[in-house]
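Me: I have a model open and would like to learn how to read it. Could you walk me through a few features?

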Amino acid sequence: ELEQIDESIANVIISSEHFHSRICNSEEINDLKNLLDKYFHKITIICYLREQADTYKSLYSTSIKSGNGENFEQMGEKCNKQNIYYNYFKLLQMWSDIFGKENITVKIFDRNKLLNNSIIDDFFNIIDPVLIKKLNLPPKTNLSLSDDGLRLGLLINRGFSKLKRRKENIMLRNDIL
């Protein structure tokens, strides 16, 4: 797609919430920079970070929606400073070392601290405030689960997991016979 960008295009936005969780070491960040340097003469990174406890709760909610059967405490064992997912200092240091501190803008992802309580408005305000009025946004679709929803999801996931293990055991027994 980058090779097909029309020369009249002055700015390109690449957005992914997974940059911080899938590009986790200096080598991978450097590979990304080398790729982008082939196409762009200036790269600006705008990074929104949630408070770590909120990040953990969001990740847990997503895992429940995805069928995970770990409870809140079991999954919480992964929430520590060795895990780059929660160690923002290390994360930002690596990106700053490679892209340059002057090319990174860090914002707190907290609706109360965002322009119009909207990450989209806040993001485009950094780029060009005029763009906010030109946006045609779809309705919000990534809704969080309530605490009761999380508990119910966990119970359902564990029930399906037990059912799946039973089916696998029955199939294994049939294969042996």
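Me: Is Ser144 buried or exposed?

Reply: This is a predicted model, so take the values as computed from it. Exposed means over 50% relative accessible area. Ser144 counts as exposed because its relative accessibility is 69%. You will find Ser144 in the loop between α6 and α7 (147-176).

Me: How many residues apart in sequence are Ser144 and Ser58, and what is their C-alpha to C-alpha spacing?

Reply: They are 86 residues apart in sequence, while their C-alpha atoms lie 7.5 Å apart in space.

Me: Which residues have the most contacts inside the largest nonpolar core?

Reply: In soluble globular proteins, nonpolar side chains tend to be buried together. Here the largest nonpolar core has 17 residues, and those with the most contacts inside it are Ile29, Leu36, Ile43, Ile45, Leu91, Trp95 and Phe99. Two or more residues come from each of α2 (26-37), β1 and α5 (88-99). The greatest contribution is that of α5, with six residues.

Me: What is Ile43 in contact with, leaving aside its neighbours within four places in sequence?

Reply: Ile43 touches Leu36, Asp37, Phe99 and Asn103. There is also a second, separate core of seven residues, including Tyr56, Tyr60, Ile64 and Leu154.

Me: Which residues of helix α6 are buried, and what covers them?

Reply: In α6 (residues 119-127), look for Asp121, Asp122, Phe123 and Phe124. Their cover includes β1 (45-49) and β2 (104-108). At the start of α6, a side-chain oxygen of Ser118 comes to within 3.3 Å of the backbone nitrogen of Ile120.

Methods: Residues numbered from 1 in each chain as written. Predicted model: local features only at pLDDT ≥ 70, side-chain atom pairs only at ≥ 80, totals over all residues. Heavy atoms only, no water. Buried < 20%, exposed > 50% of the residue type's maximum accessible area, 1.4 Å probe, protein only. Helix = DSSP H or I, 4+ residues; strand = E, 2+ residues; numbered from the N terminus. Contact = heavy atoms within 4.5 Å. Polar contact = N/O pair within 3.5 Å; in protein donor to acceptor, adjacent residues only side chain to side chain. Core = buried A, V, L, I, M, F, W, Y, C linked by side-chain atoms within 4.5 Å.
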